[in-house]
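Please read the following report alongside the sequence and the structure shown here.

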Amino acid sequence: MSRAPQHLLVPFRRDRKRDFATGTGAELLASKVRQVLLTEGATPHSTGELPWRTSFGAGLSRLRHQRNDTVLAELARVYVRDALARWLPGVQLVQVRVEQDAAALTLRVRVREGDTTADFDVPLQRGP
């Protein structure tokens with residue numbers, strides 16, 4: 001009998017047993033991808049968020065304060081694709097869309113790992 005992998009979900013939260021919540025399937029896939037995409041990796045303008053692995057992440061903060069046009073959408077797709085290829089090589093990017101609501105940008109992401117597919121949003125809030 002094979003069991004689906006079960007791991008901690010990010011962002012960390014408590015479950016009903018007062019322990020950190022764990023998940024499987026699409027919930028776990030979305031959690032892994034969010035962890036990569038929302039971690040600030042080293043870029044020409046930043047040193048990276050994790051001191052022990054400064055290059056980990058996607059560098060999506062570079063998209064903030066930019067015009068929401070086709071160039072931004074393509075940059076988002078490339079940053080997401082490259083980060084997934086480097087940090088989660090088993091995960092396939094299916095689609096990335098950039099949506100704007102007032103001053104907030106949101107990436108709508110669809111990924112696949114094996115026969116599991118996950119759809120979720122990644123907020124890229126703009127400053128005032």
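Predicted model: local features only at pLDDT ≥ 70, side-chain atom pairs only at ≥ 80, totals over all residues.

Leu93 belongs to strand β3, and β3 covers residues 92-101.

Leaving out residues up to four places away in sequence, Leu93 touches Arg77, Val80, Arg81 and Leu84, together with Val109, Arg110 and Val111. A further relation concerns Arg112, which is 19 residues from Leu93 in sequence, while the two C-alpha atoms are 6.5 Å apart in space.

## Overall make-up

The secondary structure of the protein amounts to two helices and five strands, and when the chain is followed from the N terminus these elements come in the order β-β-α-α-β-β-β. The protein has 128 residues, of which 33% count as buried. Among contacts between residues at least 6 apart in sequence, 30% join residues that are at least 24 apart.

## The two helices

Two packed helices are described by the angle between their axes and the distance between the axes. For helix α1 (residues 25-37) and helix α2 (residues 70-87), the axes come within 10 Å and cross at roughly 110 degrees. The two helices are therefore roughly perpendicular to each other, since angles of 65 to 115 degrees are placed in that class. The crossing of α1 and α2 is right-handed.

On the α1 side, the residues that take part in the contact are Val33, Val36 and Leu37, and they meet Val80, Ala83, Leu84 and Trp87 of α2. By residue type, this contact of α1 with α2 is made up of seven nonpolar residues, with no polar and no charged ones.

Ala83, which lies in helix α2, is buried, with a relative accessible area of 4%. Its C-alpha atom is 7.1 Å from that of Val36, although Ala83 and Val36 are 47 residues apart along the chain. When neighbours within four places in sequence are set aside, Ala83 is in contact with Val36 and Leu37, and also with Gly57, Ala58 and Leu88.

## The largest nonpolar core

Which residues touch the most other members of the largest nonpolar core? Of the 29 residues in this core, they are Val33, Leu37, Leu60, Leu107, Val111 and Phe120. Both helices, α1 and α2, and the strands β3, β4 (104-113) and β5 (116-125) each supply at least two residues of this core, and the largest share, seven residues, comes from α2.

Thr106 is located in strand β4 and is buried, with a relative accessible area of 18%. Not counting residues up to four places away in sequence, Thr106 touches Arg97, Val98 and Glu99, and it also touches Asp121, Val122, Pro123 and Leu124.

## Residues in the loops

The C-alpha atoms of Pro44 and Arg62 are separated by 9.8 Å, the two residues being 18 residues apart along the chain. In the loop between β1 (7-8) and β2 (22-23) one finds Arg14, which counts as exposed at 53% relative accessibility, because the exposed class begins over 50%. With residues up to four places away in sequence left out, Arg14 touches Asp19, Phe20 and Ala21.

Definitions and conventions. Residues numbered from 1 in each chain as written. Heavy atoms only, no water. Axes fitted to C-alpha atoms, helices over the stretch in contact; angles between N-to-C directions. Helix = DSSP H or I, 4+ residues; strand = E, 2+ residues; numbered from the N terminus. Parallel < 35°, antiparallel > 145°, perpendicular 65-115°, else oblique. Left-handed = near helix turned anticlockwise from the far one by under 90°. Contact = heavy atoms within 4.5 Å. Nonpolar A, V, L, I, M, F, W, Y, C, P; charged D, E, K, R; others polar. Core = buried A, V, L, I, M, F, W, Y, C linked by side-chain atoms within 4.5 Å. Buried < 20%, exposed > 50% of the residue type's maximum accessible area, 1.4 Å probe, protein only.
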